[in-house]
Amino acid sequence: MHAFLHRLIADFSLPPDAAMRLWRLSNLHKPSPALGKRLERSLAVIAMLLLGAGLVFWVAANWQDQTRQFKFLALQSLLAGSFVAALVWQRARTALLLLAMLAMGGLLAFVGQTFQTGADPWQLFAVWAGLSLLCVLAARSDILWSFWVVIAGLGIALWSGDRLLDPLGSALNHLWQRRFFDYVTPLLWALLALAILGVNWRLSSAEGKKIPYAQIIAVLLALCAWVTYGTWGLFGSNIGLYFFNTALVSLTAVLAYLAKPRHFVVLALSTLALDVLFLSGAFKVLFLNDKSPDTLGGIFMLGALAAACVGLTGAWLYKLQSAEKTHA
């Protein structure tokens with residue numbers, strides 16, 4: 001909007017008094033009416049994070065000197081107190097529920113360490129995500145949704161991490177079982193991203209705009225997983241996994257392009273992921289092929305392809321965004 005006003009002033013050669021009147025009519029000098037509420041909510045969330053961190057550090061510093069009963073009571077009291085305070089203090093409900101989610105994770109971790117249940121780490125995050133979903137649905141806050149996405153994403157990553165980070169262990173499994181997990185994990189990331197994209201919550205301000213941060217985090221985590229699995233399949237023995245993950249990234253880019261209004265952040269992240277996958281394929285063709293050129297020529301060609309990909313996608317996104325601003 002500022003650039004548009006400056007262009008109007010320059011195109012019509014407006015005098016200083018007319019430019020000042022135009023600036024006042026735009027109301028850009030006035031603060032947003034929702035600024036106070038957003039600032040209050042942000043400070044409340046930061047206060048709860050600092051309070052939670054302070055309690056965690058205090059308990060950690062005195063952990064060895066406390067009894068098991070005291071540890072349970074401290075974590076349970078923090079969890080129950082956060083829930084009760086969220087019911088009473090409505091203005092700080094989001095911050096208090098965030099504190100409750102942190103306390104819930106600490107309590108689950110302490111139970112797992114105390115009783116040695118033998119559960120895998122991903123099961124802790126799965127239970128944590130399932131129980132904290134009640135807090136998220138109760139508040140319908142973008143902050144809570146973003147935190148929940150991180151918890152659920154860590155659960156998926158830990159569930160699939162042994163197969164992704166231990167190729168030798170995966171190779172020892174039966175072929176059908178390895179292929180099964182290779183394709184299920186990208187679909188889990190797709191389900192997480194679609195679940196967050198399908199959530200319909202709105203700001204408490206008068207604008208009523210959708211909050212995009214949890215969606216961006218979910219899509220970013222999914223894109224990172226798809227690129228990682230696609231690259232692993234490309235340089236491994238499962239070329240089909242490369243094309244499968246590339247198709248998921250392409251579908252995300254198409255959905256972001258067709259969205260109304262168009263989601264440029266997701267579109268930019270998707271195109272960047274496609275560039276990485278394309279350049280990974282080019283690297284394999286140039287350096288890991290029987291008919292590959294010499295090393296110096298391969299480096300030159302790969303650098304030229306990388307520059308062309310980044311330049312073309314960047315120019316296309318800039319042109320697309322400029323055209324949408326002009327029509328708006």
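## Trp128 and its surroundings

The side chain of W128 comes within 3.0 Å of the backbone oxygen of M101, in a model that is predicted. A polar contact here is a pair of N or O atoms within 3.5 Å; within protein, one must be able to donate a hydrogen and the other to accept it, and residues adjacent in sequence count only if both atoms are side-chain atoms.

W128 belongs to helix 6, residues 121-139 (helices are DSSP runs of H or I, at least four residues, and strands are runs of E, at least two, numbered from the N terminus). W128 is buried at 12% relative accessible area (buried means under 20%, exposed over 50%, partly exposed in between, with a 1.4 Å probe and protein chains only). Setting aside neighbours within four places in sequence, W128 contacts M101, L102, M104, G105, L108, F147 and I151, where contact means heavy atoms within 4.5 Å.

## Thr252

Now to helix 11, residues 239-258, where T252 sits. T252 is buried too, with 13% relative accessibility. Beyond residues up to four places away in sequence, T252 touches V219, W226, V266 and S270.

## The whole protein

The protein has 13 helices and zero strands. Of its 328 residues, 35% count as buried. Among contacts between residues at least 6 apart in sequence, 64% join residues at least 24 apart.

## How to read the values

Residues are numbered from 1 along each chain as its sequence is written, and side-chain values use heavy atoms, leaving out hydrogens and water. Local features need pLDDT of at least 70, side-chain atom pairs count only at pLDDT 80 or more, and totals for chains, interfaces and linings use all residues.
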